[in-house]
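Visitor: I have not seen this structure before. Please take me through it by question and answer.

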Amino acid sequence: MENGNLIENFICPHCKDILLVRKEGQDDFYGCRSCGASFPVFFGIPDFRLSDSYEDYEYDMLSCRELIKSYKQYDFKTLWKGYPWKNNLPSRGKVNIKFEKIYWKMEEETFLKHGYAILYKINRYLELKNKPALTRGVSFEAGGAYGLYTLGFSQYFKRVFFTDLSLRNVIIAKKFIEEKKLENVTIFCSDIERLPVRDNMFDFIHCNGVIEHVRNPQNIINEAYRTLKKDGIYMILSPNKYSLWIEPHYRLIGYGFWPKSIRMVLVRKFRKVADLKGTILISLRQLKMLIRRSAFKNSFCVYFLPKNLKETSRLGLVRKITVFLFNSFIIGDIFDFFVNKVFISVMPYHIALCSKKRSEEKNNEVNL
Ligand SMILES: [Zn+2]
């Protein structure tokens, strides 16, 4: 893992001016030359969060201190599941065991394929639209949790940047990246609504299952636009509020269609969570509106699955049938018309591909 060249790449997330590396005793930290903000380096990871970035900051730091005690002794998978370090933390309410089991089964089935699978899907879609495949330059994982996508990304891209709002997640990602010996990945902890990154840095930004967890989704789209290179592509995967399928956070069918009060009762019963704080699902309409309000304007497209898909990373009957239908003569086109047009507003999730146009081009036409 390479954390060099940090200083040339990072800027103050607050005022966007240059950061200087300073030393305080044994520890390095980043100081802003304009606004005086300073950012610590914890366990080799620069932490660019601002004081109001993360409500759960105290608990996160407590977890980090427990986590680094187990860091050397255990492998990624054990740390990822949380057992050795979570035991020493104050309990965070009841866990739905059945739900956890389903979750881990799903993750284990796919976790090494995640990065490859998403790039494959995007490139298939670009091919459908007669567009060139994603540039193999610099990519950014915006809100990447435990870093599972970095495996596929580090092979495809020359360089990968990775961040998450939870420092605990970034430490687990660090373990993953070290175990897999990924040499071209740079990690840091930050708020993706206020990135510590220069303008025009990335060829590709990946933001998967994050938009529903941020305070202001408009800010993350604006920051993506700013940090994306011209002609770069920004991908948002947004779990759909009005999915007819099972909602991934609460395992509730038809999540958005239930009246809010009934939804709360069902969620409490099934997921045993007290409230829906921290997860606000958005609809297709909301997603499109947010992108249109940003500088991307109309340079985007939204789809569910590209019809030229030949494989899926998750196993299971529904996925097999989907691939089979897509690849059937005539039926493939009809099926595509239904899932990507007629019923797209009730599909499980939406993928938006946004493109940052060159300034000489008009910004008001769809190019994807
Ligand atoms: Zn500053």
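Visitor: Which strand is joined to β5 by five bridges?

Guide: This is a predicted model, in which local features need pLDDT of at least 70, side-chain atom pairs count only at pLDDT 80 or more, and totals for chains, interfaces and linings use all residues. Residues are numbered from 1 along each chain as its sequence is written. Strands (E, at least two residues) and helices (H or I, at least four) are DSSP runs, numbered from the N terminus, and two strands pair if DSSP finds at least two bridges between them. Running parallel to β5 and joined to it by five bridges is β6, residues 159–164.

Visitor: What is the bridge partner of Val 138 in β6?

Guide: Val 138 belongs to β5, which spans residues 138–142. Its bridge partner in β6 is Arg 159.

Visitor: Are the residues of β5 buried or exposed?

Guide: A residue is buried if 20 or more other C-beta atoms, placed from the backbone, lie within 10 Å of its own, exposed if 12 or fewer, and partly exposed in between. On one side Val 138, Phe 140 and Ala 142 are covered, and on the other Ser 139 and Glu 141. Five of five residues in β5 are buried.

Visitor: Which strand holds the bridge partner of Phe 140, and what is that partner?

Guide: Three bridges join β5 to β8 (residues 202–208), and the two run parallel. In β8, the partner of Phe 140 is Ile 205.

Visitor: What are the edge strands of the open sheet?

Guide: The seven strands have the order β7-β6-β5-β8-β9-β11-β10, with mixed pairing. Pairing on one side only, the edge strands are β7 (185–189) and β10 (300–303).
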